[in-house]
Amino acid sequence: QRWVLRPLSVPLSQLLLRAGVTPVGATFLGLGTGLAAAAWAARSGGALWAAAVVWHVAKVLDFADGNLARALKAKTVAGKMLDGLVDVIVDGAFLVAVGFVCGGWALPAALASVWLAGLGAFARFRYLHFLAWLPVTDAAAGVGPAVVRTGNGGWAGAVRGITEVLERFDREATIAGLFVSLAVGHPELWVFGVSAIRGVVGVINTAGSIHLGARQLAVPRGH
């Protein structure tokens, strides 16, 4: 991402900005491009290179919408949530499509990964929504905005660190790994690797969100 997608997104963002495309419009453009890549991959009969390039374009658009939002000073929480949802849909659809082409255990692995990743994303979204509406006040002051203390130490901090490492590896290595697996003629290795990473992250996000939600329910509240 750092050396390929982000640099490519800059001229594309400038082009979209001149064309009057909004950040949300760029997000939906990326969604359409990503789903087209998945459909192309599923119908490719094993010729995945072209579909991989189209998916790469969708990932560039994923950066472009953020660039547009910053340029137009139009960053919103809803836009960030929409962007995250589109990421889950596009990445999941393409992973399943490649798994479908590879056959064997690749398809069940991809489907399980998408289910776990989607569950984790939903759990995290519900946890953030829960925090937004939970009237937790500072017990010492008795007034003021919501105070959220999740803690970064102990086993929770270690698990969080592992999750961040896995997510960073997924972001930085997924696209390169796809092209490497295509070059050696074994795209199923990419499917299994990505499925394993996203499945683990999905389980951690789900369990972590439930754990943190339970902790917030136990926080003393001022009146």
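Select arginine 6 to start: with a relative accessible area of 43%, it is partly exposed (buried means under 20%, exposed over 50%, partly exposed in between, with a 1.4 Å probe and protein chains only). This is a predicted model, where local features need pLDDT of at least 70, side-chain atom pairs count only at pLDDT 80 or more, and totals for chains, interfaces and linings use all residues. Residues are numbered from 1 along each chain as its sequence is written, and side-chain values use heavy atoms, leaving out hydrogens and water.

Arginine 6 sits in helix H1, residues 5-18 (helices are DSSP runs of H or I, at least four residues, numbered from the N terminus).

Now for some rings. How many aromatic pairs does the structure hold? There are four (rings of Phe, Tyr and Trp, its six-membered ring, pair if their centres lie within 6.5 Å; planes under 30 degrees apart count as stacked, over 60 as edge-to-face and the rest as tilted).

Pick tryptophan 55 and tryptophan 190, an edge-to-face pair at 5.9 Å centre to centre with 75° between the planes. That pair links distant parts of the chain, from helix H3 (residues 49-71) to helix H7 (residues 187-217), 135 residues apart. Tryptophan 55 is buried at 2% relative accessible area, and tryptophan 190 is buried at 5%.

Phenylalanine 94 is in helix H4 (residues 77-102), 96 residues from tryptophan 190 in helix H7. Both phenylalanine 94 and tryptophan 190 are buried. Keep Trp55, Phe94 and Trp190 selected together, and you have a cluster linked by ring pairs.

Methods: Helices (H or I, at least four residues) and strands (E, at least two) are DSSP runs, numbered from the N terminus.
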